[in-house]
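Please view the sequence and the structure together before reading the points below.

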Amino acid sequence: MLLLAKPLLSTIQQTTTTYLADHGLIWKKVVIFLWSDDVASRVYVQSKQKYGQKLWLQVEVIQRVDIQYDEAVALIHHHNQDPTTIGMIIQLPLAEQLRPYQADLLTMVDVHKDIDGLWWVGVGRSLVGQWDFLPATPKSAVGILDHYGYGNVSGKIILVIGQSVLFGRPFALEMIKRGATVICGNSRSPVGFLQSTAQTADIIVSATGRRHLIDRSRHSSDWSEKVLIDVGYGIQDGKAFWDIDWEYFVDHVAAITPVPGGVGPMTVAALFHNIIDLQTF
Ligand SMILES: NC(=O)c1ccc[n+]([C@@H]2O[C@H](COP(=O)([O-])OP(=O)(O)OC[C@H]3O[C@@H](n4cnc5c(N)ncnc54)[C@H](OP(=O)(O)O)[C@@H]3O)[C@@H](O)[C@H]2O)c1
């Protein structure tokens with residue numbers, strides 16, 4: 001089965017639009033800081049812009065590849081104080097000169113406007129179970145699992161490949177909170193270990209941006225009960241690529257997200273839906 005985002009999208013869009021209208025937030029501003037020339041980021045930003053406009057929001061993209069730290073800080077502070085700005089996104093990855101300051105910059109965004117959900121206090125409150133909140137990308141993957149009946153992961157083994165602050169860590173945490181046994185891999189994990197864990201995992205989630213990291217060569221046992229979630233997305237020589245060769249696996253697993261049409265569009269919707277969740281902080 002293909003785990004498509006489409007059946008979830010109209011409900012989440014409707015809920016968000018209704019909330020914005022009921023709270024006088026129509027035509028307020030969401031600002032996206034695009035501080036890199038990353039090609040995949042440009043694609044993400046375009047889809048965020050398009051979706052935000054569907055919700056009757058202004059989406060302002062501030063693209064500056066050569067921006068320096070002080071200017072970046074000033075812009076964040078400006079929008080923290082601007083009452084017409086209700087959401088901010090610092091699009092990752094950052095340009096080289098800002099990378100050492102990534103954590104600093106992310107945590108400067110006013111928590112009530114941090115629709116990406118990467119602010120450490122928010123993450124911490126969620127960790128101890130004080131607040132039910134997820135950053136947009138894990139919220140998307142979890143939303144898809146829940147919608148298709150795979151969200152009860154208690155007792156399941158989940159392999160999460162990629163452990164960024166943006167996705168892998170908060171996703172793994174959510175799965176742990178739900179009672180799963182979670183194994184997280186990164187670029188330094190022994191390949192053989194990931195390979196053997198993939199055979200036993202009930203759910204495999206990949207978020208690396210490495211083309212076809214999971215291809216047919218990984219498939220060495222019966223995978224017919226497995227669920228595969230692909231978060232990875234990249235562009236090389238003008239062509240899109242993703243982590244999992246879903247066109248092969250769709251015939252060999254219980255369920256899988258395609259790219260495009262899976263986690264990506266749902267992430268954009270989840271991002272704007274976080275405007276609602278942030279009100280409960
Ligand atoms: N679909 C969506 O909505 C959405 C949203 C956000 C991001 N993305 C995509 O998701 C991917 C990951 O994004 P990110 O921001 O999390 O990236 P990131 O910060 O670069 O993290 C990538 C993670 O993958 C690990 N990794 C890299 N190569 C690996 C390998 N060969 N084997 C195992 N692990 C490996 C890295 O390991 P180390 O920790 O050792 O470096 C790191 O933990 C990208 O393709 C991005 O475009 C998609």
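**Cores and helix packing**

In the largest nonpolar core, which holds 51 residues, those that touch the most other members are Ile158, Phe171, Ile229 and Phe272. A nonpolar core is a set of buried Ala, Val, Leu, Ile, Met, Phe, Trp, Tyr and Cys residues joined through side-chain atoms within 4.5 Å; buried means under 20% relative accessible area, exposed over 50% and partly exposed in between, with a 1.4 Å probe and protein chains only. The model is predicted: local features need pLDDT of at least 70, side-chain atom pairs count only at pLDDT 80 or more, and totals for chains, interfaces and linings use all residues. Residues are numbered from 1 along each chain as its sequence is written, and side-chain values use heavy atoms, with hydrogens and water left out.

- A second, separate core has 18 residues, among them Phe33, Ala72, Ile90 and Leu92.
- Not counting residues up to four places away in sequence, Phe171 touches Pro138, Ala141, Val142, Leu145, Ile158, Val160 and Val205, where contact means heavy atoms within 4.5 Å.

**Helices H6 and H7**

- H6 (residues 136-147) packs against H7 (residues 168-177) at an angle of about 40°, and their axes are 9 Å apart. Axes are lines fitted to C-alpha atoms, for helices over the stretch in contact, and angles run from 0 to 180 degrees between N-to-C directions.
- H6 is therefore oblique to H7; angles under 35 degrees count as roughly parallel, over 145 as roughly antiparallel, 65 to 115 as roughly perpendicular and the rest as oblique.
- From H6, Pro138, Ala141, Val142 and Leu145 meet Pro170, Phe171, Glu174 and Met175 of H7.

**Helices H1 and H10**

- H1 (residues 6-22) and H10 pack with axes 9 Å apart, at an angle of about 25°, so the two are roughly parallel to each other.
- Residues Leu8, Leu9, Ile12, Thr15, Thr16, Tyr19 and Leu20 of H1 meet Pro265, Met266, Ala269, Ala270, Phe272, His273, Ile275 and Ile276 of H10.

**Ser206**

- Ser206 lies in strand S6 (residues 203-206) and counts as buried because its relative accessibility is 0%.
- Leaving aside residues up to four places away in sequence, Ser206 touches Ile161, Leu213, Ile214, Ile229, Asp230, Val231, Gly232, Asp243 and Ile244.

Notes. Helix = DSSP H or I, 4+ residues; strand = E, 2+ residues; numbered from the N terminus.
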